[in-house]
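Keep the structure open while you go through them.

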Amino acid sequence: MATTTTLGYDDLPALLTRLTGDEKHDRSSFSTLDVLWVLYDRVLGEDDRFLLSKGHGPTAFYAVLAAKGIVPVDALDGFGSFDSVLGYHPDRMLAPGVELSSGSLGHGLGVAVGAALTGRPVWCLVGDGELDEGSNWEAVQYAGRIGLGSLTAVVVDNDSAWYGWPEGIERRFVLEGWTAQRVDGRDHDALEGALLPDADATRPRCVIAEVPAR
Amino acid sequence: MTGMRERFYELVREALDENDRVAVVTAQIGNDSIGEHPRHFDVGIREQLMIGVAAGLALEGYRPVAHSYTPFLVERPWEFLKLDLGHNDLGAVLVSTGASYDAARSGRTHQAPEDVALVAALPGWTIHVPGHPEELDPLFRRSLAGDGRVYIRMSEEENHARVDGGGFTVLRHGSAGAPLIVAVGPTLRPVLEATASRDVSVAYLATVRPFPYEGVQDALGTGTDVVLVEPYQAGTSVAEIAVALRDRPHRLLALGVPNAEFRRYGTGAEHRAAHGLDATGVARSLDEFLGVTD
């Protein structure tokens with residue numbers, strides 16, 4: 001993307017404004033914003049793959065892709081309009097840099113397992129509410145049992161699961177054979193430390209990024 | 001004589017050995033026959049994951065083959081066919097076994113006459129319904145060589161011999177204006193028996209999507225009467241016939257498995273007869289629709 005100027009974290013509010021039309025944006029109102037920023041700014045390499053399973057509320061994703069010069073900034077203006085490549089749920093065939101079309105919850109982790117089986121390092125972002133969908137657990141169980149070390153699941157936890165996760169999300173992943181770590185979902189250094197690639201991993205990794213309840 | 005399913009397992013083993021692009025995903029079926037291979041992934045009894053994993057493999061450039069029993073390959077993970085494969089524009093070859101009622105004695109849970117209608121409701125799928133084990137070879141090889149979304153519906157029912165010539169073949173030409181009987185996959189055998197002494201054209205259809213509109217138009221010629229015989233839900237391809245013949249008056253009879261909770265066990269042959277899809281039943285329907293001949 002040599003023709004595009006990349007922007008910084010502080011430019012994200014202005015990009016979000018272009019997407020939504022709202023004048024003021026508090027970054028804290030976007031549960032996934034910091035995780036996405038750290039992934040694209042500090043973690044993901046050329047050959048890595050990122051799949052956004054939680055396709056609801058993708059404005060933070062589009063803003064980060066725009067800041068990184070992957071999505072043209074001009075594309076943000078028509079968000080959700082008939083001719084826009086950026087909709088309320090991402091379409092990989094329309095939006096540059098989007099590697100998974102999502103919106104129906106519980107699909108990304110299974111696709112991520114398939115991609116990771118080839119040895120490709122894969123990061124997949126899901127929400128704590130999304131984990132209600134049983135299909136996630138098919139992926140969690142299988143990846144854990146076969147020791148799929150190339151896979152990282154990032155669970156953005158804003159306590160939005162209606163019935164909650166008694167005794168914690170991480171216990172469920174650990175029981176199935178994953179490593180699990182809970183970090184402050186606004187702390188960039190902590191996120192980076194938890195998310196950086198680990199080529200020697202013999203187990204899939206779950207990073208729970210905790211953000212304030214919505 | 002090798003049945004279609006056994007032939008499929010042979011072809012899968014060959015494909016895994018010969019083609020680095022091929023990967024196979026199963027959900028607790030055929031493991032003894034396929035055997036262990038670094039690119040054979042059995043995900044346990046997890047059919048949604050089976051389709052998701054196939055999509056992920058396709059995302060990485062592989063040609064995934066997903067295989068299970070018909071209801072568990074198509075019906076249970078249907079939204080995953082729609083989204084993980086279709087909406088993401090990722091290719092895969094799905095191969096089912098069990099057809100409509102091969103496992104009749106297992107009951108409704110293992111009977112899946114809706115499968116072709118369900119796959120056909122999604123855009124862009126190629127659907128093959130081979131009627132003989134030897135037809136599987138070229139269909140499967142061609143499917144592996146492409147990168148689209150393909151559904152191959154295997155069946156224990158089979159015709160006397162394979163039919164060459166691609167997806168749509170006119171096997172018998174009636175007199176000018178004679179009715180056209182379109183026999184899909186393994187229905188050819190009862191159709192040939194039922195029409196032996198009738199002045200009709202008989203066409204064999206093994207690739208039902210994309211539908212051979214021109215083939216049907218040409219085979220019907222100046223005729224007006226069409227009988228479609230499908231081994232799955234009756235009427236599944238009626239809309240395709242309507243499109244093929246949209247600019248000419250015609251009469252259409254669609255035979256197949258009724259859309260009903262049948263609640264019978266027994267054998268495939270008993271189901272075939274009960275649904276009027278054996279030679280006697282087809283002949284009876286032709287008598288009613290076309291008039292009695294002798």
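**Notes on the two chains**

1. Let's start with overall size. With 214 residues, a compact globule would have a radius of gyration near 17 Å, and chain A has 16 Å, which agrees. The radius is taken over C-alpha atoms, and the globule rule is 2.2 Å times the number of residues to the power 0.38. Along the principal axes, the C-alpha atoms of chain A fill a box of roughly 45 × 35 × 35 Å.

2. Some housekeeping before you go further. This is a predicted model, where local features need pLDDT of at least 70 and side-chain atom pairs count only at pLDDT 80 or more, while totals for chains, interfaces and linings use all residues. Residues are numbered from 1 along each chain as its sequence is written, and chains are lettered from A and ligands numbered from 1 in the order in which they are written.

3. How much of chain A is buried? Buried residues make up 44% of its 214 residues. A residue is buried if 20 or more other C-beta atoms lie within 10 Å of its own, exposed if 12 or fewer, and partly exposed in between, with C-beta atoms placed from the backbone. Take the contacts in chain A between residues at least 6 apart in sequence: 78% of these join residues at least 24 apart. Two residues are in contact if their C-beta atoms, placed from the backbone, lie within 7 Å.

4. Chain A has 7 helices and 5 strands, and along the sequence they follow the pattern α-α-β-α-α-β-α-β-α-β-α-β. Helices (H or I, at least four residues) and strands (E, at least two) are DSSP runs, numbered from the N terminus.

5. Now for the sheet of chain A. Its 5 strands form an open sheet with parallel pairing, in the order β1-β2-β3-β5-β4. Two strands pair if DSSP finds at least two bridges between them. β1 (49-52) and β4 (179-184) of chain A stand at the edges with a single partner strand each, so one side of each is left without a neighbour in the sheet. On average, neighbouring strands of this sheet are turned by 20° against each other, direction ignored.

6. β1(A) and β2 (residues 122-127) of chain A run parallel and are joined by 4 bridges; L52(A) stands opposite L125(A) in β2(A). Helix α4 (residues 108-116) of chain A packs on the sheet, touching β1, β2 and β3 (151-157) of chain A, and its direction makes about 170° with that of β2(A). Axes are lines fitted to C-alpha atoms, for helices over the stretch in contact, and angles run from 0 to 180 degrees between N-to-C directions.

7. Chain A is divided into domain 1 (1-30 + 57-102) and domain 2 (31-54 + 105-214); the bounds come from an automatic or database domain assignment. Taken over C-alpha atoms, the centres of the two domains of chain A are 22 Å apart. Their contact takes 14 residues from domain 1 of chain A and 15 residues from domain 2 of chain A.

8. On to chain B, where 7 strands form an open sheet in the order β2-β1-β3-β4-β6-β5-β10, with mixed pairing. The edge strands of chain B are β2 (40-42) and β10 (207-209), each pairing on one side only. Helix α1 (residues 4-18) of chain B lies across β1 (22-26), β2, β3 and β4 of chain B, running at about 135° to β1(B).

9. In a regular strand the side chains alternate between the two faces of the sheet. Have a look at β5 (residues 125-128) of chain B: W125(B) and I127(B) point one way, T126(B) and H128(B) the other way, and all are buried. β5(B) runs parallel to β6 (residues 149-153) of chain B, with 4 bridges joining them, and the bridge partner of H128(B) in β6(B) is I152(B).

10. Finally, where do the chains meet? The contact takes 22 residues from chain B and 19 residues from chain A. α3(B) gives the most to the side of chain B that touches chain A, with 9 residues. That side of chain B divides into 11 nonpolar, 6 polar and 5 charged residues. Ala, Val, Leu, Ile, Met, Phe, Trp, Tyr, Cys and Pro count as nonpolar, Asp, Glu, Lys and Arg as charged, and the others, Gly among them, as polar.
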